[in-house]
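This briefing concerns the packing of helices and the nonpolar cores of one protein model. Please keep the structure in view while reading.

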Amino acid sequence: MDGVWLAALSGVIGGGTLLVGAAVAWFIDIPQRVVAGIMALGAGVLISTLAFELVEEAAEVGGLIPTSVGFLVGALLYIVADWLVSRPKAPRPSTPANIVARRAGSRVAGGAGVAIAIGALIDGIPESIVMGLSVLQGGISIPIVAAIAISNFPEGLGSTAALKRSGSSGRRVALLWSSIAAVTVVAAVLGYVAFQSAPVGLIALITTIAAGGLLAMVCNTMIPEAFDEQQALTGLYATIGFLAAFLLHELAG
């Protein structure tokens, strides 16, 4: 029973920062350039996390085939979901041009916000299962939980900032992130309870679905959103985020 509570705690910590980021973006009027900088930092953290905590370990434990399949499946899942959310809708012929432009801008912001949220959900479930599995190996994995928690903050922040610009209601945003955070807790417990005797290939597949979804989301949404505001500094911030997560991995490993 202690293991179940530890798995749930890891899910609360990892998913809770989504809510923290969302609350900060909703209640504090943060300049868009600052949001973009935080998103770029988060992108670097995410890339480091998927490289050193997810893909590398999955390949070592489960082999190259499950790792490769899971990685591609995760990317395809995100890309399809992103396309379904972000595809443009044709305006009515009688709609004035200025209204069309304004609505298009709102759709872009809202679409980016929802796309990041979808990415958080797609990678959050297998990530949380991984956190639950780590409890089976002797307790909460500090490097994995910390990296996921750190990377989730800019996801919640960036998505909520975009949804706020698009005119989404506070109730809708709160329901969105509360649901995703709750799913991460349930998935962490599920990872501990249901996958105790799972084949290593299946664990590698689940782990790398998270990694593939993460990388697709970073490339399609977070980096382009950050670059629109930060331009040349985007690469520097992403590098700093990557280095910070890498150092955490090395020091805690």
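**Helix packing and nonpolar cores**

In α5, Pro154, Glu155 and Arg165 meet Leu214, Met217, Met222 and Glu225 of α7. The residues of this contact divide into four nonpolar, no polar and three charged. The model is a predicted one.

**How α5 and α7 cross**
- The axes of α5 and α7 cross at roughly 50° and come within 12 Å, which makes α5 oblique to α7.
- The crossing of these two helices, α5 and α7, is left-handed.

**How α1 and α5 pack**
- Helix α1 covers residues 2-27 and helix α5 covers residues 142-165; they pack at an angle of about 30°, and their axes are 7 Å apart.
- Angles under 35 degrees count as roughly parallel, and α1 and α5 are therefore roughly parallel to each other.
- The crossing of α1 and α5 is right-handed.
- Among the residues that meet in this contact are Ser10, Gly14, Leu18 and Trp26 in α1, and Val145, Phe153, Glu155 and Lys164 in α5.
- The residues of the contact of α1 with α5 comprise 13 nonpolar, eight polar and two charged.

**Nonpolar cores**
- The largest nonpolar core has 27 residues, and those with the most contacts inside it are Met39, Leu46, Leu54, Tyr78, Met217 and Met222.
- Two or more residues of this core come from each of α2 (32-62), α3 (64-86), α4 (97-136), α5 and α7 (200-230).
- A second, separate core has eight residues, including Leu18, Ala120, Leu163 and Ile180.
- Leaving aside residues up to four places away in sequence, Met217 touches Leu46, Tyr78, Ala115, Ile116, Gly119, Asp123, Glu155 and Met222.

Notes
Residues numbered from 1 in each chain as written. Predicted model: local features only at pLDDT ≥ 70, side-chain atom pairs only at ≥ 80, totals over all residues. Heavy atoms only, no water. Axes fitted to C-alpha atoms, helices over the stretch in contact; angles between N-to-C directions. Helix = DSSP H or I, 4+ residues; strand = E, 2+ residues; numbered from the N terminus. Parallel < 35°, antiparallel > 145°, perpendicular 65-115°, else oblique. Left-handed = near helix turned anticlockwise from the far one by under 90°. Contact = heavy atoms within 4.5 Å. Nonpolar A, V, L, I, M, F, W, Y, C, P; charged D, E, K, R; others polar. Core = buried A, V, L, I, M, F, W, Y, C linked by side-chain atoms within 4.5 Å. Buried < 20%, exposed > 50% of the residue type's maximum accessible area, 1.4 Å probe, protein only.
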